[in-house]
Amino acid sequence: MQHQRMIEAILTNVDQVMIGKREITTLSITALLAGGHVLLEDVPGVGKTMMVKALAKSIGADFKRIQFTPDLLPSDVLGVSIYNPREMVFEFRPGPIMGNIILADEINRTSPKTQSALLEAMEESSVTIDGETMKLGRPFFVMATQNPIEYEGTYPLPEAQLDRFLFKLKMGYPSAKQEIEVLSRAEKGTPLEHLKPVISLEDLQQLQSAVKEVIVSDTVKSYIVRCAAETRDHPYIYLGVSPRGSLALMKACQAYALVQGKAYVTPDDVQYLTPFVFKHRMILRSEAKYEGITTEEIIERILTKVDVPINRVSS
């Protein structure tokens, strides 16, 4: 019950800023608890940056923002050693990657070389600079935003980078009623300015530890593996989901079960989260693109094809 109160406190707090985005907030918290990262892709102005800031404020985290531009260098992200002539030593000046919640804003506007500077940090929570490996703080959570790649002046993220994100999400436009509420709340100031932490970093680490205690039965594990295997043999898919994708889905399901107040993962959790985990890990063949078949449609067909097991809690 204590876990549920903390999670609900975060959701309620973010709701003060984000109108009608409870699902996106829930998925973002799920990724944070699972130790994963989130890629938010949508047009400018729908609240991507505000979502990250609201989440960071809600947990009292050390928030850092990296504004990606075409001329950004890896050292601008990781940090750099600068010679101190007075002390005759090199001093390391940490980059913005040294934080808890990292906003990688418009990540697809920088070169692949700089994008790749995030790879080690996102996978291992460490960075290697001048041959020395440095551990990053806990928790470490990257929420990257990007505009659709068909916009001018952007670079598609390489597959290795995409695979580091647990979820790929879209914010979407608000309804007319929700947009009026946004205007009303912003009429006398920015709601984000008044947001206060509702849990501590120690509380968050407790939640992350609790995720590992959520039970995943062998039946559900088999279901996850069979769904992933279907992507590897599908005639319209050039590159299917790797075992790392299967592992990501299992961890996401564990975190989502905790968010829902459950002690074990159900097949329904797998079905709900599969599109968010699998979509950016698949590359379609040209035939699918010519026929207008989308990744979402293929995932839906796979979930329909694979038999849904009768869940048993015991492993």
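Residues are numbered from 1 along each chain as its sequence is written, and side-chain values use heavy atoms, with hydrogens and water left out. As the model is predicted, local features need pLDDT of at least 70 and side-chain atom pairs count only at pLDDT 80 or more, whereas totals for chains, interfaces and linings use all residues.

**The sheet**

Helices (H or I, at least four residues) and strands (E, at least two) are DSSP runs, numbered from the N terminus. Two strands pair if DSSP finds at least two bridges between them. Five strands form an open sheet in the order β2-β5-β8-β1-β9, with parallel pairing. β2 (63–67) and β9 (167–169) stand at the edges with a single partner strand each, so one side of each is left without a neighbour in the sheet. On average, neighbouring strands of this sheet are turned by 15 degrees against each other, direction ignored. Axes are lines fitted to C-alpha atoms, for helices over the stretch in contact, and angles run from 0 to 180 degrees between N-to-C directions.

| Pair | Bridges | Sense |
|---|---|---|
| β1 and β9 | three bridges | parallel |
| β1 and β8 | four bridges | parallel |
| β5 and β8 | four bridges | parallel |

Leu40 has Leu169 in β9 as its bridge partner. Val38 stands opposite Met143 in β8, and Ala104 is opposite Ala144 in β8.

Strand β8 is largely enclosed by the rest of the structure, because six of its six residues are buried (under 20% relative accessible area, with a 1.4 Å probe and protein chains only). Both of its faces are covered: one side carries Phe141, Met143 and Thr145, the other Val142, Ala144 and Gln146, and all of these are buried.

Met51 lies in helix α3 (residues 48–58) and is buried, with a relative accessible area of 0%. Leaving aside neighbours within four places in sequence, Met51 is in contact with Val14, Met18, Lys21, Ile24, Thr25, Leu40, Met143 and Met171.

In helix α9 (residues 201–211), the buried residues are Leu201, Leu204, Leu207, Gln208, Ala210 and Val211. They pack against α1 (2–15), α2 and α11 (243–259).

**A helix pair**

Helix α10 (residues 218–233) packs with helix α14 (residues 295–305) at an angle of about 135 degrees, their axes being 10 Å apart. α10 is therefore oblique to α14; angles under 35 degrees count as roughly parallel, over 145 as roughly antiparallel, 65 to 115 as roughly perpendicular and the rest as oblique. Tyr223, Cys227, Glu230 and Thr231 of α10 make the contact with Ile302, Leu303 and Lys305 of α14.

**A buried serine**

Ser126 belongs to strand β6 (residues 126–129). This residue, Ser126, is buried, with a relative accessible area of 2%. Apart from neighbours within four places in sequence, Ser126 is in contact with Glu120, Ala121, Thr133, Met134, Lys135 and Leu136.

Notes: Contact means heavy atoms within 4.5 Å. Buried means under 20% relative accessible area, exposed over 50%, partly exposed in between (1.4 Å probe, protein chains only).
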